[in-house]
Amino acid sequence: MKRSIVGVLLALGLVVGTASSGSAHPREAEPVDWGPCPEAPPGYSVRCATVTAPLDWSTGQGRVDLRVARLPAADPEKRIGVLMFNPGGPGNGAVGYVTSPVYAEQYFGREILDRFDVVAVDPRGVAGSQGLSCGLPAYDPAVNRFPVDRRGLDVLVGANAQFAESCRELSGPLAEHLDTLSVARDLDLVRGRLGEPKISFLGVSYGTMVGRAYGELFPRRLRALALDAVVDRSLSARQLVLDGAGAVQDGVERFAGWCATQGCGLDVRAALTQILALADRGGLRSDGQPVSAYEVQLGVNAYLQTPLAYPDLVNALSAAQRGEGTGLRAVGMQENQAMYGMYRAIICQDIGTDFVGRLPETGLQLRENAPALRGYSEFWDIASGCAGWPVPPRWQPHPWPASAASALPPTLLLSGTHDVATPPAWAERVHRQLPGSVLLRWDGDGHSAWQLNSRCATDATVRYLVTLAPPADGTVC
C-alpha cells in the first residue's frame, strides 16, 4: 500500500488549539494559528500550523501535536471548498505534498489547485506531527518472516513483541494510538477548526482505509469521496494475505510478459528463482553485506508498483544475477528503518493476525499458489510483522454499515485490472457494499491510478471532485 518507495515516485514528484485533556469533544470554533512553512519557497501561499488533538479519542485523555498545511485555492472566485487527502503508506506524511509548488502541481494538477483549498495533515506519529520513535529496527534479517514450524513462529512472535515494546518505551502512549479511526477523527477535528461544514476527500491505497474510517464515522460531512486502490476492510487478515499473494504473482507475470515483448534479455521467472537461491546461500551482496531473500521480495515488489519502474527492475535483476543486490535493497522498506517502524506500528493497530497460529502452513500454501516471489505480498509482510503485537487492533473487519452507506455522497472507487497490491476483487466487493458508489476500472499494471498509472482515471477523478459528476458505473480506462 505504499507509493513512495520506488525512485520514480519521487520524480513525480489538525486540530484543536489546546484540547482539554479531560474532554473528548475539543472546541471546534477556535481558529488555527497559521504561519509560514519553513521549507516552502518565498512568496508561496501555503501556510502551516501545529494543532493539538486528544491522544485517546475514546476518553479525551492525553495530547498529540499534528502538523497541518493549507494551500489556498489559486482562483478564489471559483473556489469549491476544502480537499483533504491521504497519499498512502502508512508512514507517509501529507504536508510535504503541498509545501513544494512543483510537487503540489505534479500530484494534484492545476484544476484541483485552482478550485480547492488543499489541506494536508501529517498523521499522528508521522513526518512533522508528533513522531514515533522505536528502540529496535522493524526489520531484522536474522528473523525468518516465513516461519516453517512452531519454533520459527515463536521466534518471529517474540521479535515482533520486542520491537513493539521498544516503541512504547521511547514513545509512550502515542505508540498505542496510531490507528486509522483516530486519524479520521483528527481529520474531522481539522475540518471543524477550519469552519467547513463538509470536505472532499481523496484517499490512495492506505488512504482508502482512512477514507473508509472517515466515511463510516462522519458520512454527512463529506461532499465527495474518491478512493483509489481500495482495501476491503470487511476481509479477514488471512483473506487479505491470500488475495495479496495472487496479486503479486499476477504482477510478476505481467512484468515477465512486458519483458518478453520489449526484448529485455531476461527470463524473469528463471532469474527470480536464481536470485532467491543465491540470496539463500549468502551470495547476494550490497556494500559487502548479504542481501536476504526477503529483501529481494521487498525490492521486486517495490518496483512492481508502476510500469515506469520496469526498466530499473530489469537492471536490478540483471545485476543481482551477478551477485550485486544493491538495486533491489535500495528500494525496499528496510532501507528506511524509521519509516518502516512507523508503518509497522500503525498498520498493526488496524489489521489483526486472526490466523497467527497458522502462519507456517499458510506460508507454504502461498508459496505453492504464488511461487514467483515465494508467496510474498505486502499483506504477508503485515501479517507476519504483526504476529505477537501487544496492542489489539482497533478495527474489526466488517462491511460498510448501511446507515453510513446511505448517508454518503456518490462515492468514486478506482481499481486497476492488475493492481499488484490491492486486487480488483476488493473494490468490487466494496462497490456492492455501497449501492450509491461508482466503480471505474483502469486496465493496466502497477498499484493505484492517481497521477501515476492511469491518466484517464486521474482525469475522471478530477472531474468528479470538481463537478460531483462521476463517470458512468463500469467505465473502463
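The structure is a predicted model, in which local features need pLDDT of at least 70 and side-chain atom pairs count only at pLDDT 80 or more, while totals for chains, interfaces and linings use all residues. Residues are numbered from 1 along each chain as its sequence is written, and side-chain values use heavy atoms, with hydrogens and water left out. The protein contains 18 helices and ten strands; these are DSSP runs numbered from the N terminus, with helices being H or I of at least four residues and strands being E of at least two. Its radius of gyration is 22 Å, close to the 23 Å that the globule rule gives for 477 residues, so the protein is as compact as a globular protein of that length. The radius is taken over C-alpha atoms, and the globule rule is 2.2 Å times the number of residues to the power 0.38.

**Overall dimensions, surface and charge**

- Along the principal axes, the C-alpha atoms of the protein fill a box of roughly 60 × 50 × 50 Å.
- The accessible surface comes to about 17,500 Å², and 52% of this belongs to carbon and sulfur atoms; areas come from the Shrake-Rupley method with a 1.4 Å probe, and for residues only the protein chains shown count as cover.
- The protein carries 42 positive and 48 negative side chains, and the centres of the two sets lie 3 Å apart.
- In this count Lys and Arg are positive and Asp and Glu negative, whereas His and the chain ends are not counted; each charge is placed at NZ of Lys, CZ of Arg, CG of Asp or CD of Glu.

**Burial**

- Of the 477 residues, 59% are buried, where buried means under 20% relative accessible area, exposed over 50% and partly exposed in between (1.4 Å probe, protein chains only).
- Helix 10 (residues 293–303) is largely enclosed by the rest of the structure, because eleven of its eleven residues are buried; among them are Y294, E295, Q297, N301 and Y303.
- D186 is found in helix 6 (residues 180–194) and is buried, with a relative accessible area of 3%.
- The C-alpha atoms of D186 and V82 are separated by 15 Å, and the two residues are 104 residues apart along the chain.
- D354 lies in the loop between helix 13 (337–347) and helix 14 (359–369) and is exposed, with a relative accessible area of 52%.
- D354 and T417 are 28 Å apart in space, C-alpha to C-alpha, and 63 residues apart in sequence.

**Aromatic pairs and cluster**

- Rings of Phe, Tyr and Trp (its six-membered ring) pair if their centres lie within 6.5 Å; planes under 30 degrees apart count as stacked, over 60 as edge-to-face and the rest as tilted.
- By this rule the count comes to 19 aromatic pairs.
- One of these is the tilted pair of F163 and W389, at 5.9 Å centre to centre with 50 degrees between the planes.
- F163 lies in helix 5 (residues 150–171) and W389 in the loop between helix 15 (378–386) and helix 16 (402–407), so this pair ties together parts that are 226 residues apart in sequence.
- F163 is buried at a relative accessible area of 5%, and W389 also counts as buried, at 13%.
- The rings of F255 and W258 are stacked, because their centres are 6.0 Å apart and their planes lie at 20 degrees.
- Both F255 and W258 lie in helix 8 (residues 237–262), three residues apart, about one turn of the helix.
- F255 is buried at 2% relative accessibility, whereas W258 is partly exposed at 25%.
- F85, Y97, Y103, Y107, F108 and W450 form one aromatic cluster.

**Charges over rings**

- The charged end of R212 sits over the ring of W400, 4.6 Å from its centre; the criterion is that NZ of Lys or CZ of Arg is within 6 Å of the ring centre and within 35 degrees of the ring normal.
- R233 lies over the face of W395, at 4.2 Å from the ring centre.

**Backbone geometry**

- The peptide bond from G89 to P90 is cis, with omega near -5 degrees, and P90 lies in the loop between strand 3 (81–86) and helix 2 (96–99).
- S448 has a positive phi of about 80 degrees although it is not a glycine.
- S448 is in the loop between strand 10 (438–446) and helix 18 (455–467) and counts as buried, at 0% relative accessibility.
- L468, a residue other than glycine, has a positive phi near 65 degrees.
- L468 is placed in the segment after helix 18 and is partly exposed, at 37% relative accessibility.
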